[in-house]
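Biologist: Could you show me the model, please? I have a few questions to go through with you.

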Amino acid sequence: MADVLVVGGGPAGLSAALFAGKNGLDVTVFDTDKTWMHKAHLFNYPGIGSIDGSNYLSVLREQVDDFGVDRQQGVAVDGVESTGDGFTVATEEGSSTATISSSRRGRTATSPRASAVNSPTRASSTST
Ligand SMILES: Cc1cc2nc3c(=O)[nH]c(=O)nc-3n(C[C@H](O)[C@H](O)[C@H](O)COP(=O)(O)OP(=O)(O)OC[C@H]3O[C@@H](n4cnc5c(N)ncnc54)[C@H](O)[C@@H]3O)c2cc1C
């Protein structure tokens, strides 16, 4: 069972996954790869002079993978439900659940918190 479920693997979702994974949380990302990044060429990211959007995504995905994130590429989320102590996301292939453990429940906003995160274009966005 994951600590964090991220719906959408564009720059926002992968950034969330990167930080959560880097902080030791068990993260799953679902992504249908419809990001406009594939149409972009980036000149405006600090520290990156010039990079094709698809190449940028490849680098970001590799970085996320290196932190042990479970990246479910090509898997669409059809719905998100609160279970009271976490969230369950539904996909064509079944469902995944993230539960907020009691040890994490009391953390402040400066600490990573277990949640279903991100704001995909199709599924509803939920966070705690
Ligand atoms: C034509 C164009 C050119 C651009 N050029 C630039 C540029 O040069 N530089 C720049 O910085 N920005 C550029 N942008 C903006 C940039 O593409 C966005 O700011 C960026 O992609 C937003 O990232 P995001 O992660 O919020 O969302 P997205 O990139 O949209 O990522 C969302 C991801 O979630 C997935 N998803 C959605 N719903 C679901 C679901 N239910 N289940 C699973 N996955 C789901 C989508 O397939 C997608 O991969 C451009 C945008 C456009 C349209």
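Biologist: What distance separates the end C-alpha atoms of helix α1 (residues 11–22)?

Modeller: A word on the source: this is a predicted model, where local features need pLDDT of at least 70, side-chain atom pairs count only at pLDDT 80 or more, and totals for chains, interfaces and linings use all residues. Residues are numbered from 1 along each chain as its sequence is written. Helices are DSSP runs of H or I with at least four residues, strands are runs of E with at least two, and both are numbered from the N terminus. The expected span is 1.5 Å times one less than the number of residues, so twelve residues should give 16 Å, and the end C-alpha atoms of α1 agree, at 16 Å.

Biologist: Thanks! Within what arc do the buried residues of α1 fall?

Modeller: Buried means that 20 or more other C-beta atoms lie within 10 Å of a residue's own, with C-beta atoms placed from the backbone. In α1 the buried residues are G13, L14, A16, A17, A20 and G21. Taking directions from the helix axis to the C-beta atoms, they line one face of α1, because they fall within an arc of 155°.

Biologist: Which residue in β7 is the bridge partner of V77?

Modeller: Strands pair if DSSP finds at least two bridges between them. Antiparallel strands β6 (residues 77–82) and β7 (residues 86–91) are joined by five. They form a hairpin with three residues between them, and G84 in the turn has a positive phi of about 95°. Across this pair, the partner of V77 is T91.

Biologist: And which residue in β8 is the bridge partner of T88?

Modeller: A hairpin through two residues leads from β7 to β8. Six bridges join these antiparallel strands, with β8 covering residues 94–99. There, T88 has as its bridge partner T97.

Note on methods. A residue is buried if 20 or more other C-beta atoms lie within 10 Å of its own, exposed if 12 or fewer, and partly exposed in between; C-beta atoms are placed from the backbone.
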